[in-house]
Amino acid sequence: MERFDLGPLSDLELHAVRFVRYDGPPPRRSILVVRSVEGVRAYWNVCRHLPIPLDAGAGRLPTSPRPNELVCATHGARYRMEDGLCVGGPCTGALLDEIEVEIDAAADRLWARI
Ligand code: FES
């Protein structure tokens, strides 16, 4: 299992989304790191409706009226930040593919276990 740097913990604000590039086989080319009131989570940036990035390559997600949701730019699927569950759109009930996150608070670093 690989330990992959997801950047500093301290500048990931509540309801923020960080895009981290990853040179894996398509479609696993980037990771979404999010912080909700439940904590920090990471997901592959791959929609569960079609195997394409949630941001459609734009580097940012559409704005949602609910700050704890991630919205797919292509057809508008809505996912909860805290668990990756799709709560609206063409793949309702599906889960984003989660990545294990290790928090090193002392070093101010987030690591993925891939
Ligand atoms: S590709 Fe994401 S909702 Fe269709």
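**Exercise 1. Work out how many aromatic pairs the structure holds and how they are built.**

Step 1. Start with the count: there are two aromatic pairs in this predicted model. The criterion is that rings of Phe, Tyr and Trp (its six-membered ring) pair if their centres lie within 6.5 Å; planes under 30 degrees apart are called stacked, over 60 edge-to-face, and the rest tilted.

Step 2. Take F4 and Y22. Their ring centres are 4.9 Å apart and the planes meet at 85°, so this pair is edge-to-face. F4 belongs to strand β1, while Y22 is in the loop between β2 (17–21) and β3 (30–36), so the pair ties together parts 18 residues apart in sequence.

Step 3. Go on to Y22 and W44, also edge-to-face, with 5.2 Å centre to centre and 65° between the planes. This one links distant parts of the chain, as Y22 is in that β2–β3 loop and W44 is in strand β4 (residues 39–44), 22 residues apart.

A word on the ground rules: residues are numbered from 1 along each chain as its sequence is written. Because the model is predicted, local features need pLDDT of at least 70 and side-chain atom pairs count only at pLDDT 80 or more, while totals for chains, interfaces and linings use all residues; side-chain values use heavy atoms, with hydrogens and water left out.

**Exercise 2. Decide whether F4, Y22 and W44 are buried or exposed.**

Step 1. Now apply them. F4 has 18% relative accessibility, so F4 counts as buried. Y22, at 11%, counts as buried, and W44 does too, at 5%.

**Exercise 3. Find the strands that pair with β9.**

Step 1. Strands here are DSSP runs (E, at least two residues), numbered from the N terminus, and two of them pair if DSSP finds at least two bridges between them.

Step 2. β1 (residues 3–7) runs antiparallel to β9 (residues 109–113), with four bridges. Within this pairing, G7 is opposite L110.

Step 3. β8 (residues 98–104) is also antiparallel to β9, over five bridges. D104 has R109 as its bridge partner. Four residues separate the strands of this hairpin, and D108 has a positive phi near 55°.

Key
Buried < 20%, exposed > 50% of the residue type's maximum accessible area, 1.4 Å probe, protein only.
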